[in-house]
Amino acid sequence: MNTPSPLQPRLARYEDWPEIITVDARSFALPAPLPEAEIAEFRAKVAGALVVRDEGSDGDPLVAVSLYHELPVTVPGGAALTSAGLSWVSVTATHRRRGLLRRMLTDQFAMWREAGLPIATLTASEGGIYERFGFGPACFAHSVAIAPTAVDWRTPAPADSRVRYGTREQIAQQIPELHARWARTRPGAIGRPATWWPSILADRGFRRNSQTSDLYYLLHRDGYAAYRLDAREMSATVEEFCAVTPQAHTDLWRVLTGLDLVTSISAKVPVDDTLPLELRNARAVQINGRSDELWVSLLDVPAALAARTYGADGTIMLTVTDGWAGRDGEYLLTVTDGQATVDTATVPADALPAVPRAELSVSVLSSMYTGGIPARQFAAAGRIRADDEAIALLDAMFATSRAPFAGTYF
Ligand SMILES: CC(=O)SCCNC(=O)CCNC(=O)[C@H](O)C(C)(C)COP(=O)(O)OP(=O)(O)OC[C@H]1O[C@@H](n2cnc3c(N)ncnc32)[C@H](O)[C@@H]1OP(=O)(O)O
């Protein structure tokens with residue numbers, strides 16, 4: 001008879017939290033222990049947490065944790081879906097590669113299905129972990145370095161920049177609303193529930209090195225930016241940039257690029273950011289890297305596909321492979337006037353001879369969902385099986401007018 005493994009996930013209890021903080025602190029170089037008030041503040045953001053204790057070891061040490069937040073994510077067309085935002089996944093170095101992540105994610109997926117969540121999101125510590133669970137990278141960011149002395153705007157500076165530094169009260173009052181307005185304009189944007197703002201606005205010291213300043217908030221009627229200065233290098237790092245309108249984008253960047261004494265400004269921006277195009281010398285904005293920002297997994301494939309809008313009408317049969325959470329199957333996607341209906345009845349190819357067909361994994365479909373990676377790139381990489389007509393239709397359907405960008409790391 002097999003002895004059951006003592007290493008089974010269970011729901012986290014109140015008394016587990018100090019150890020949860022310790023386990024994640026070791027993995028991600030976070031501070032621990034945390035004051036009780038900060039633990040309570042964090043717990044308020046969590047929708048469900050799992051832990052594993054090694055009950056065969058002295059003291060039953062906590063050896064694994066995984067949790068999720070319910071986080072709105074903007075999908076193409078502007079609707080906000082509640083996503084299962086997977087986070088704080090950590091298995092102690094002593095217990096890795098023994099299947100604990102797999103076990104926790106089996107239970108997490110069951111919790112999400114029970115909660116009726118149509119989509120899951122995460123920001124990944126490494127690129128090789130999550131595809132096996134049906135996640136795909138879906139939002140990307142450019143890391144840019146701007147040389148203020150090379151910045152030469154094509155348009156004249158306005159008499160008034162329309163931008164002001166916020167007082168503590170103005171920041172607390174205006175930023176959540178500005179962020180929410182911004183999030184509606186970007187596919188992939190992660191919305192921030194009210195419980196998220198206290199820790200963001202607290203700007204605790206561990207998030208930065210000791211030679212950097214507090215966050216300085218620049219407020220505009222239609223956006224905001226938050227940056228800090230590095231005192232030794234006299235460089236600036238833009239930590240948040242949310243512009244609802246092109247005018248706010250220009251006005252805020254004008255102030256940022258006009259910071260006297262600052263030798264370099266770094267930021268993470270959407271891959272379609274327009275700043276270089278607004279300057280006479282586009283090389284003033286140096287792109288130093290591209291990173292995957294947000295990973296997405298469609299949990300309820302028909303519901304998620306029906307929630308976004310599409311760039312072109314048409315009908316296509318998607319044969320989706322999964323191998324993890326039972327999402328394999330045939331999905332007949334029909335788009336009329338940009339709105340989708342999805343039929344999951346299996347239809348033999350000869351019954352719908354005129355309908356284009358494509359075979360792809362749920363991970364690839366999830367990457368395409370936000371408009372971050374076009375079908376033709378996946379097809380060229382051998383990861384979608386379809387003829388040219390089907391690929392052209394997928395490209396036209398899934399294209400978005402703005403590049404997806406998440407804007408929140410969690
Ligand atoms: C959303 C987030 O929270 S991202 C943060 C993830 N956490 C971290 O990076 C913290 C440090 N790392 C860890 O805590 C652990 O190594 C984890 C969580 C990444 C993996 O936990 P483990 O319990 O070792 O994973 P487990 O044994 O269940 O492995 C599951 C599968 O993932 C693979 N895998 C695990 N870690 C990695 C990795 N870092 N890179 C690539 N593949 C990996 C395993 O090989 C295994 O593959 P297979 O079963 O398909 O053959």
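1. Strands here are DSSP runs of E of at least two residues, helices are runs of H or I of at least four, and both are numbered from the N terminus; two strands pair if DSSP finds at least two bridges between them.

2. A word on the source: this is a predicted model, in which local features need pLDDT of at least 70 and side-chain atom pairs count only at pLDDT 80 or more, while totals for chains, interfaces and linings use all residues. Residues are numbered from 1 along each chain as its sequence is written.

3. Stepping back, the open sheet has five strands in the order β15-β14-β13-β16-β17, with mixed pairing. β15 (339–343) and β17 (384–386) each have a single partner strand, so one side of each edge strand is left without a neighbour in the sheet. From one strand to the next, the twist averages 25 degrees (axes are lines fitted to C-alpha atoms, for helices over the stretch in contact, and angles run from 0 to 180 degrees between N-to-C directions).

4. Now look at helix α8 (residues 362–369), which lies across β13, β16 (357–361) and β17 and runs at about 100 degrees to β16. Eight of its eight residues are buried, so α8 is largely enclosed by the rest of the structure (buried: 20 or more other C-beta atoms within 10 Å of a residue's own, with C-beta atoms placed from the backbone). Among them are V362, L365 and Y369. Just after α8, G371 takes a positive phi of about 90 degrees.

Terms used:
Two residues are in contact if their C-beta atoms, placed from the backbone, lie within 7 Å. A residue is buried if 20 or more other C-beta atoms lie within 10 Å of its own, exposed if 12 or fewer, and partly exposed in between; C-beta atoms are placed from the backbone.
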